[in-house]
Amino acid sequence: MATTAKAAIAADEQQTPAAFGTVFTEKMAVCHYAQGVWSIPEIGPTREFSLHPAAHVFHYGSSCFEGLKAYRWKDGSVRVFRLDRHVERMRRSAGILCLPDPGEQRLTAMVRDAVAACRDEVPASPGSLYIRPTMIGTSPDVGAAGSPASDVCLFVLLSPVGDYFSGGERPLKILIEDEHMRSTPEFGSVKTGANYVSSLRYAVAAKRDFGADQVLFCPGGDVQETGASNFLLLNDHEIVTKPLNDSFLHGVTRDSILSLARQLNYTVTERNFTVPELLAWCTDGEAALTGTAAVMTAVGTFVYRGKEHLAAGGRIGPNTRRLREALTAIQTGTAADTQGWLAEV
Ligand SMILES: *Cc1c(COP(=O)(O)O)cnc(C)c1O
């Protein structure tokens, strides 16, 4: 159910924060593409769209999106985390889906202008503003199964979010799935709804049958990622994660954590590894998920072929905690942003 940021603030004051992603700012940015040209982006009210039932996105899945965050620092300034990386990734997703290139400047300006228009609604830490740029094919043509959408809508939706761990932080229970794939070997790095819906039934079954929070996809034993987060193994001196290829999403959080880990003198090893290696590592090492929404979350339990295996003794390990705190300190302005990751709006 959608609600406004003001309602959410009222709810927050009553100590009942709204669920992540269900509250939106009063304004959003919208731009249209038709006959080969983009319109001038506009900031307007966040409200329903009117789309023809034959719109390309409804039938042939022409959609991609991004997820990034803006933070309000103690001095009142508002900063967007690694905007350049997210813009680059969305342009790449659009290209693979045969959607038009939104352009670096246009997309960057739309995000900045939307956040600036809603500056007052950006929550202070530990809250943040979740930013959801989205692109959909709108041409009304069910005959266009074999051709790209000629009309497109690009919008930037904004959602003020509270503390992800407000309910108390708890290590996750993850089902290891080594038979089925989340996506395909070529399509896995595209940020598109199609990849979510293609893996959804495995997540639903894992929850129903094992009470698992998420599924870790390891087709043929190759440990990849969960439905919406990247996966890392860590201990006191090393981080191990799969090297980038087209089978999984190239997370900006993954990249940021690896960069911080190098600075903190961990050995960062990007290599393929198998499920038995993962389980052996976790007898005394840690495992964690990374992604914009939760930043970095510890795995406490794996379920593999019906049997439970603890990771880090079922607790949140010290290295997971340390790296997450190092990243959130930069995002929220309590540690120096030495790499220029934050763009002030
Ligand atoms: C968005 C996403 C991630 C995390 O990427 P971040 O840039 O760190 O937010 C990981 N896996 C999938 C499948 C995703 O869609």
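A strand here is a DSSP run of type E with at least two residues, and strands are numbered from the N terminus. With that in my notebook, I can start looking around. I keep in mind that this is a predicted model.

**Entry 1: isoleucine 43**

I looked up isoleucine 43 and found it in strand S5, which covers residues 42-45. Is isoleucine 43 buried, exposed or partly exposed? I noted a relative accessible area of 37%.

**Entry 2: serine 77**

Next I went to serine 77, which has its place in the loop between strand S7 (68-72) and strand S8 (78-81). Its relative accessible area is 9%. Buried means under 20%, so serine 77 counts as buried. I also wrote down a partner: the side chains of serine 77 and arginine 79 are joined by a polar contact of 3.2 Å.

**Entry 3: phenylalanine 231**

Phenylalanine 231 turned up in strand S14, residues 230-234. I read a relative accessibility of 1% for phenylalanine 231, and because the limit for buried is under 20%, this residue is buried. How far apart are the C-alpha atoms of phenylalanine 231 and threonine 290? I found 6.4 Å, although the two residues are 59 apart along the chain.

**Entry 4: around the ligand**

Now for the ligand. I found that the space it takes is the largest pocket. Which residues are closest to the ligand? I listed Lys191, Tyr196, Glu225, Thr253 and Thr292, out of 16 residues that surround it. Sorting the shell by type, I got four nonpolar, eight polar and four charged residues. Two helices each supply at least two shell residues: helix H3 (83-96) and helix H6 (252-263).

**Entry 5: polar atoms at the ligand**

Glutamate 225 has a polar side-chain atom 2.6 Å from a nitrogen atom of the ligand. For arginine 89, a polar side-chain atom lies 2.8 Å from a ligand oxygen atom. Valine 252 takes part through its backbone, where a polar atom is 2.8 Å from an oxygen atom of the ligand. How much of the ligand's accessible area does the protein cover? I noted 96% of the 380 Å² that the ligand has on its own.

Definitions and conventions:
Residues numbered from 1 in each chain as written. Predicted model: local features only at pLDDT ≥ 70, side-chain atom pairs only at ≥ 80, totals over all residues. Heavy atoms only, no water. Near = heavy atom within 4 Å. Polar contact = N/O pair within 3.5 Å; in protein donor to acceptor, adjacent residues only side chain to side chain. Areas by Shrake-Rupley, 256 points an atom, 1.4 Å probe, with all protein chains shown as cover. 1 Å grid on protein atoms, 1.4 Å probe; cavity = no way out; pocket = protein on both sides within 12 Å on 5 of 7 lines; lining within 4 Å. Sits in = over half its atoms within 2 Å of the grid points. Helix = DSSP H or I, 4+ residues; strand = E, 2+ residues; numbered from the N terminus. Nonpolar A, V, L, I, M, F, W, Y, C, P; charged D, E, K, R; others polar. Buried < 20%, exposed > 50% of the residue type's maximum accessible area, 1.4 Å probe, protein only.
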